[in-house]
Amino acid sequence: LTFFLAWSYYSVRVSLTFWCAAMNYSVHSLMYSYYALRAARIYVPSFIQLVITTLQIAQMVAGCYFVASVYFIVINGTYPGCSMSISSVRGSFFMYFTYTLLFINFFIQRYIIGKKKKSV
């Protein structure tokens with residue numbers, strides 16, 4: 001879904017694509033740097049995992065906000081040059097909202113419930 005939406009937005013040069021790509025690149029660069037350090041067996045403080053997951057959640061919430069903003073621009077005709085269709089906006093919101101729920105669920109399972117299980 002992510003690839004399909006990104007490709008379709010890029011093809012019509014939707015400005016939202018560039019904001020979302022910048023957020024995605026920023027979070028992924030940190031995430032993959034962390035993975036590379038761990039794979040090289042270099043010590044990384046454990047709280048960094050929590051920070052990365054929190055940034056992923058923030059990225060998805062920001063994505064929902066950006067897409068919702070574009071939705072109101074499109075339905076109100078505020079910016080006639082906006083090339084996003086309602087179906088694209090709905091698809092984007094579905095994607096970001098779903099990812100938000102998945103990352104929040106992961107956060108709860110890993111950092112809240114997971115810690116309770118370890119302490120028992």
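Predicted model: local features only at pLDDT ≥ 70, side-chain atom pairs only at ≥ 80, totals over all residues.
View 1. If you skip the neighbours within four places in sequence, Leu 37 is in contact with Ile 42 and Val 44.

**View 2. Thr 100, a buried residue of helix α4.** Here we move to helix α4, which covers residues 86–119 and holds Thr 100. With a relative accessibility of 7%, Thr 100 counts as buried, because the cut-off is under 20%. Who does Thr 100 touch, once residues up to four places away in sequence are set aside? Met 60, Val 61 and Cys 64. Two of the names in that list, Met 60 and Cys 64, also turn up among the buried residues of α3.

**View 3. Helix α3 from end to end.** Helix α3 takes in residues 47–76, which is 30 residues. At 1.5 Å a residue it should span 44 Å, and its end C-alpha atoms are 43 Å apart, so the two values agree. Buried residues of α3 include Ile 52, Thr 53, Gln 56, Ile 57, Gln 59 and Met 60. Further along come Gly 63, Cys 64, Val 67 and Val 70, buried as well. Just after the helix, look for Gly 77, which takes a positive phi of about 70°.

**View 4. Helices α2 and α3 side by side.** Helix α2 (residues 15–39) and α3 have axes that come within 10 Å and cross at roughly 175°. That angle is over 145 degrees, so α2 is roughly antiparallel to α3. On the α2 side, the contact is made by Leu 16, Trp 19, Met 23, Asn 24, Val 27, Leu 30, Met 31 and Tyr 34. On the α3 side, the residues taking part include Ile 48, Gln 49, Ile 52, Leu 55, Phe 66 and Val 70. Sorted by class, the contact has 14 nonpolar residues, five polar ones and no charged ones.

**View 5. Stepping back to the chain.** How many helices and strands are there? The chain has four helices and zero strands, following the pattern α-α-α-α along the sequence. Of its 120 residues, 26% count as buried. The accessible surface comes to about 8300 Å², and carbon and sulfur atoms account for 70% of that. Among contacts with a separation of 6 or more, 69% come from residues 24 or more positions apart.

Technical notes
Residues numbered from 1 in each chain as written. Heavy atoms only, no water. Expected span 1.5 Å × (residues − 1). Buried < 20%, exposed > 50% of the residue type's maximum accessible area, 1.4 Å probe, protein only. Axes fitted to C-alpha atoms, helices over the stretch in contact; angles between N-to-C directions. Parallel < 35°, antiparallel > 145°, perpendicular 65-115°, else oblique. Contact = heavy atoms within 4.5 Å. Nonpolar A, V, L, I, M, F, W, Y, C, P; charged D, E, K, R; others polar. Areas by Shrake-Rupley, 256 points an atom, 1.4 Å probe, with all protein chains shown as cover.
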